[in-house]
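Hi everyone, thanks for making time.

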Amino acid sequence: MFNIDNNDTITAIATPQGIGAIAVIRISGQLSFNIIDIIFKPKIKNIKSRRIYLGYIYSKSTLIDKVLINIFKSPNSYTGENIIEISCHGSIYIQNKILDLIINNGARLANRGEFTFRAFKNGKLDLYQVESLLELFYSENELDHNLALNNLRGDVSLIIKNIRTKILTLNTILEFWIDFSEDDINILAFNNLLLNIINNIKDLINSFKLGIFFKKGIAIAIIGKPNVGKSTLFNFLLKSDRSIVSNKSGTTINYIEENIYIDGIKYRLIDNAGIKKNTLNKLELKGIKKTIENIKKSEIIMYLTNNINSKHLHIQKYYKSFFKKEIIFIINKCDLLKQKIKIPSSPILISAKYGIGINYLLNKLKSISERFIKNNNKTIITNIRHYEELKKALFKLNKMKDNIQIGIEPEILSLLLKEANYSLEKIIGTITNEEILFNIFDRFCIGK
């Protein structure tokens, strides 16, 4: 782990290792401009920020490469320090040669995440935004990406800072209360502000469940009676023979789960055992029990049948009212139907075997997903560390609320308030320790 008080000049290759069209080498610190003055020609007489210069890198009199250098002057840079970014050709020899030149002229190789750590240390990012940046790097789908981007922009940080401002107001009132008496303060206004803070934190805590669901993917349970084509549809959507398909009833006795991406949205597709009435087979009963559990855990149900009758509306209403889930009712094996039915219709007609009607199914799924996402388009937390600290803060504030009702001394209330504020400060990094910093910044690459 790097020294948190170290202010020397650092450098690293910012692009992935290996040969490519170009590579980017970064320098940050007080000696950045001195180093570039030594190795770059023609010399830049008056360095201007946010400018790109074309020239050559030399090792004494030996030409190394023709490059572009991008200039960022302190404090208007990613790290808050003077930064140089050198775009060179992607030869491994060229990359290492330029890196050695920079180090030999006063810089040192950066540690993991040290550029971003300096951005944090210099107030360019708070710790919540730093962790959001990590989530942005590891995002796998559009939802994941948008959540991380919103948090990097500072949406949650702003809410937490606003909560802390309210806490400071409460603290001022408590200090007045300690110095004078309860008769001199407005208890009703104090309680209302405290409840407002509690509700703000509850909203963030409740959003965690939604955030994890977005990261894991929207769960879809494929259900129906045995041998209606659930596994065939599962395999078709995955474009893989993941689930065993057979004409024999009860082939799927346990569920199979796989991730799938459709139009940038991640789904967890769950192929379940067939729901059969009046069975005494213990394995089938276990499979049906697991199917019910998966229905409860899912956001969307795909109910398959291969019969056309008036019961489908009743089944649809039952699952929607009993499980409170979005349901897509599907009639499979439409290629075997004797009567001619126009596609699309309601319910959706498909042939999972031949791919007939699948586009209509996907469009229906997309419309449900977009509506679901729109209805839940709010500030969301996705980080377990933030979730745990928010729960600690909520516990202290609820305890404070209970103690007010039984007339506990304001000194005790003040202590609880400070402990709640401490948890919030740990989220945004106003207060932190080296162990937390190491765990976070060690997940970054060296060039970031």
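**A covered helix and its neighbours**

Let's start with helix H3, residues 114–121, which is mostly covered: seven of its eight residues are buried. Before I go on, this is a predicted model, so a caveat about what counts: local features need pLDDT of at least 70, side-chain atom pairs count only at pLDDT 80 or more, and totals for chains, interfaces and linings use all residues. Residues are numbered from 1 along each chain as its sequence is written, and side-chain values use heavy atoms, with hydrogens and water left out.

Helices (H or I, at least four residues) and strands (E, at least two) are DSSP runs, numbered from the N terminus. Buried means under 20% relative accessible area, exposed means over 50%, and partly exposed is in between, with a 1.4 Å probe and protein chains only.

So which residues of H3 are buried? They are Glu114, Phe115, Thr116, Phe117, Arg118, Ala119 and Phe120. And what do they pack against? Strands E1 (10–13), E2 (20–28) and E7 (108–109) are there, along with H4, H13 and helix H14 (434–441); contact here means heavy atoms within 4.5 Å. Just after H3, glycine 123 has a positive phi of about 80 degrees.

**Two partners for H13**

Helix H4 (residues 127–137) packs with H13 at an angle of about 45 degrees, and the axes are 5 Å apart. Those axes are lines fitted to C-alpha atoms, for helices over the stretch in contact, and the angles run from 0 to 180 degrees between N-to-C directions. H4 and H13 are therefore oblique to each other. The naming goes like this: under 35 degrees is roughly parallel, over 145 is roughly antiparallel, 65 to 115 is roughly perpendicular, and the rest is oblique.

Who touches whom? Leu127, Tyr128 and Glu131 in H4 meet Lys426, Ile427 and Ile428 in H13. By class, that contact has four nonpolar, no polar and two charged residues. Nonpolar covers Ala, Val, Leu, Ile, Met, Phe, Trp, Tyr, Cys and Pro; charged covers Asp, Glu, Lys and Arg; the others, Gly among them, are polar.

Now the other partner. Helix H12 (residues 384–405) and H13 (residues 410–428) pack at about 165 degrees, with axes 8 Å apart, and H12 and H13 are therefore roughly antiparallel to each other. On the H12 side, the contact residues include Leu390, Ala393, Leu397 and Met400, and on the H13 side they include Leu413, Leu416, Leu417 and Leu424. The residues of this contact divide into twelve nonpolar, three polar and seven charged.

Next, some backbone details. Most residues other than glycine have a negative phi, and most peptide bonds are trans. Where do we find a cis bond? The peptide bond from lysine 41 to proline 42 is cis, with omega near 0 degrees. Proline 42 sits in the loop between strand E3 (40–41) and strand E4 (51–59). Another cis bond joins serine 74 and proline 75, with omega about 0 degrees, and proline 75 is in the loop between strand E5 (62–72) and strand E6 (83–90).

Back in the loop between E3 and E4 we also have arginine 50. Its phi is near 55 degrees, a positive value in a residue other than glycine. Arginine 50 is exposed, at 59% relative accessible area. Lysine 333 also has a positive phi, near 60 degrees, and lies in the loop between strand E12 (326–331) and strand E13 (348–349). Is lysine 333 buried, exposed or partly exposed? At 26% relative accessibility, lysine 333 counts as partly exposed.

Cysteine 88 is buried at 2% relative accessible area, and cysteine 334 is buried at 13%.

To finish, asparagine 96 is in helix H2 (residues 92–104) and is partly exposed at 37%. Asparagine 96 is 84 residues from alanine 12 in sequence, and 9.9 Å away in space, C-alpha to C-alpha. Alanine 273 is in the loop between strand E10 (265–271) and helix H9 (282–297), and at 4% relative accessibility it counts as buried.
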